[in-house]
Amino acid sequence: MAKSPEKLAEKIDSWFKSEDIELTMGGEPTFVPAVPEAAEWNTAAMGDEKLGYARRMASELLSDVYPGALAMQVFGKWYPGEPLPRWNILTMQKRDGAPLWPTPSRLLLDDITGGNTKDIATDFMDRLARKLKLKRFVLEAVEQNEKKTHSGWVLPLKSTSRKWASAKWPFTNRRPIQLFSGESPIGLRLPLDQLPKGCLRTALTVEVRHGALEIFIPPLAWETFEALIGLIRELVEVLDLKDLVFCGYGPEESGDALIRLGLAADPGVLEVNLPPCASWEEYDLVLKQCEYAASAVKLQFTKFQLNGIVYGTGGGSHLTFGGPDLESNPFLQDPGRITSLLRYWQHHPALSYLFSGAYVGPGSQAPRVDEGPMHGLYELEVACEGIEKSNPAPSGEYIDQFLKNLMTDSSGNTHRAEVCFDKFHNYATSNGRLGIVEMRAFETFQDAETMSRIALFVRAVLARLFKAPFCDPLLRFGPKLHDRYFLPAFLWKDFKVMCKDLKAHGFAFDPKWLHHAFEFRFPKLGRMELKGGVIELRQAFESWPLMAEESQESTTIRVVDNSSDRIQLTLSDQELLNKGTLLVNGIEVPFKKVSGQMICGIRYKSASAYPALHPHVPIQSPLLLEWVEKKSGKTRQAMHYHYWNPRGDIYKGRPKTERDAAKRRNERWQTADGLIGRKPEIQKAKLAPEYSYTLDLRRQLSV
């Protein structure tokens with residue numbers, strides 16, 4: 001067995017090299033501030049506060065990680081209901097080490113107001129247009145309404161054969177150009193729809209907003225982008241300008257010339273799009289560098305629930321794998337590697353749940369294929385056989401046709417599949433042909449080291465699958481999937497099975513390397529001391545089902561029923577059951593042995609919700625746990641576990657420190673000494689075929 005994760009990584013990458021396999025890896029860790037109270041840290045994607053954090057984090061990266069890089073605010077997808085396209089602070093460093101922008105102090109990388117004026121913008125555009133020999137094409141653009149008047153300068157611009165070119169825009173009867181209303185750069189608010197067919201539709205714009213000199217770069221190839229930035233840099237130095245914001249479009253088709261890292265606006269979080277890494281060592285380094293930069297501006301991987309539980313950001317921490325280019329992409333070179341991955345993933349629910357967030361199941365952000373429509377698993381098996389038997393091997397476009405209608409969530413959303421192929425070979429989107437396989441069932445943990453080790457485990461799984469393809473038929477878990485694998489004991493057992501399998505294929509991963517990840521994901525909630533043993537409560541996973549569609553204003557929405565919770569009870573010694581019985585809310589707990597432990601899952605209604613299933617079921621928190629001596633029939637130990645505040649108060653905001661969070665957690669586990677000595681009525685559990693290891697208290701009302 002490798003003595004350390006680093007030694008295992010060396011062995012894996014050495015094997016890839018010996019087989020001439022170039023497997024790149026990346027990820028999307030997400031961050032939040034310590035007290036994420038604003039809407040942009042809960043449900044909204046964008047906000048001024050988040051933009052300020054992104055700029056400051058970019059400043060740290062430029063200072064300590066990517067010297068000579070340029071930070072630029074680019075724009076991505078525009079989602080229905082959102083006023084603007086989502087921004088992304090993109091850092092671009094030349095791979096050869098030469099500086100693209102050597103003076104980061106001239107950039108406005110904060111949310112403060114800059115010191116520029118409209119006159120500075122006018123002079124800058126005049127001088128830049130003269131450098132480009134396109135002065136006569138510059139136009140003024142204005143937004144004027146009851147609330148404000150704002151203006152800037154527009155230069156229609158493109159490059160052909162390394163020469164700059166422009167065009168006369170036919171707005172002469174309405175000079176200056178009348179902009180669409182909005183808060184985005186004027187480069188996104190030009191009335192391009194009014195231009196005649198065939199007219200140049202790309203432009204460089206200059207304006208001053210919030211004291212920042214904003215320079216909007218149009219779409220350009222890498223060579224011309226670099227040349228334009230060089231011209232701007234010379235002019236900025238001559239004029240001694242500061243408080244610059246570059247925005248617009250990053251360079252197209254830069255190949256291997258740039259290392260790109262993005263800080264993207266995403267609902268509730270700041271998402272970091274890591275650059276593709278050729279090895280785990282490189283991935284580990286860049287992830288830890290991001291953690292350091294985030295910490296410097298007071299961002300972190302975790303946040304507190306109101307009841308004191310510590311959990312990930314909730315924005316996910318997806319892992320991506322591919323190749324340096326489509327020609328050397330290992331999944332396109334051998335499509336059987338994709339089916340091998342899909343089969344292995346389906347066989348091991350720990351890959352779906354162990355490293356995910358608290359919200360799992362069919363309505364989550366990354367549902368398994370067998371949590372979707374009943375026919376999904378069968379059809380996926382047919383698809384896998386089709387890919388494996390194709391001769392010649394199917395192309396990337398053909399693989400996309402095989403999988404895109406199967407790897408979806410329950411609503412048909414391809415982006416929310418557990419194993420996502422949206423960016424593999426998808427012609428429907430601008431960035432869809434990257435050869436990337438994205439694993440979405442991963443959440444942030446407490447530190448970069450833990451997350452990096454999880455990524456190493458997945459890389460080891462891929463090495464094992466590339467070395468020895470996995471061809472077993474897909475399993476039909478049925479109801480056993482949630483009954484068993486929502487419980488920590490089964491997930492850890494499955495994880496150890498995979499570690500044993502990795503060892504058998506020469507890539508030994510020590511389970512101890514991720515035991516602290518297990519403890520973080522399934523924290524201990526309470527401990528009942530018994531004579532001769534102990535009962536432990538540990539958090540388990542719960543699936544929140546989707547409710548029926550509802551109309552909300554002009555849209556249709558579906559919400560989830562989040563009124564239930566699940567915990568795992570573990571009894572330290574089976575022999576204790578000869579002496580006593582554990583009751584939960586008066587129901588006898590049916591313990592079963594799993595890997596030498598006596599366990600039982602408890603599912604119960606923890607809170608009120610609307611809409612919710614089973615309106616007849618009252619809130620069942622706090623849970624009353626009683627250890628009843630068989631000989632006397634008397635309660636010898638009793639405890640209450642409160643899902644929420646035991647005082648019944650509304651918590652006044654999230655805990656602000658770990659100490660405050662721990663206090664809230666601890667006060668939810670309370671002794672019930674007043675019940676000791678009583679003779680409770682013992683009710684046998686009402687069990688269902690779907691549940692062998694989980695006692696659903698919601699079914700016990702008629703017992």
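How many helices and strands does the secondary structure of the chain come to?

## Overall build

The chain has 15 helices and 35 strands. Helices (H or I, at least four residues) and strands (E, at least two) are DSSP runs, numbered from the N terminus. The radius of gyration is 29 Å, close to the 27 Å that the globule rule gives for 703 residues, so the chain is as compact as a globular protein of that length. The radius is taken over C-alpha atoms, and the rule is 2.2 Å times the number of residues to the power 0.38. Along the principal axes, the C-alpha atoms fill a box of roughly 100 × 60 × 45 Å.

This is a predicted model: local features need pLDDT of at least 70, side-chain atom pairs count only at pLDDT 80 or more, and totals for chains, interfaces and linings use all residues. Residues are numbered from 1 along each chain as its sequence is written, and side-chain values use heavy atoms, with hydrogens and water left out.

## Inside and surface

Of the 703 residues, 56% are buried. Buried means under 20% relative accessible area, exposed over 50%, and partly exposed in between (1.4 Å probe, protein chains only). A contact means heavy atoms within 4.5 Å. Among contacts with a separation of 6 or more, 71% join residues 24 or more positions apart.

The chain exposes about 31,600 Å². Carbon and sulfur atoms supply 50% of that area. The areas come from the Shrake-Rupley method with a 1.4 Å probe; for residues, only the protein chains shown count as cover.

## Aromatic rings

Rings of Phe, Tyr and Trp (its six-membered ring) pair if their centres lie within 6.5 Å; planes under 30 degrees apart count as stacked, over 60 as edge-to-face and the rest as tilted. By this rule there are 31 aromatic pairs. Tyr-398 and Phe-402 make an edge-to-face pair, 5.2 Å centre to centre with 70° between the planes. Both lie in helix α10 (residues 396-403). They sit 4 residues apart, about one turn of the helix. Tyr-398 is partly exposed, at 43% relative accessible area.

One aromatic cluster includes Phe-355, Trp-492, Trp-513 and Phe-541.

## A look at Pro-99

Where is the place of Pro-99? Pro-99 is in the loop between β4 (87-94) and α3 (118-132). This residue is partly exposed, with 43% relative accessibility. Not counting residues up to four places away in sequence, Pro-99 touches Gly-68, Lys-94 and Arg-233. Pro-99 and Gly-653 are 554 residues apart in sequence and 45 Å apart in space, C-alpha to C-alpha.
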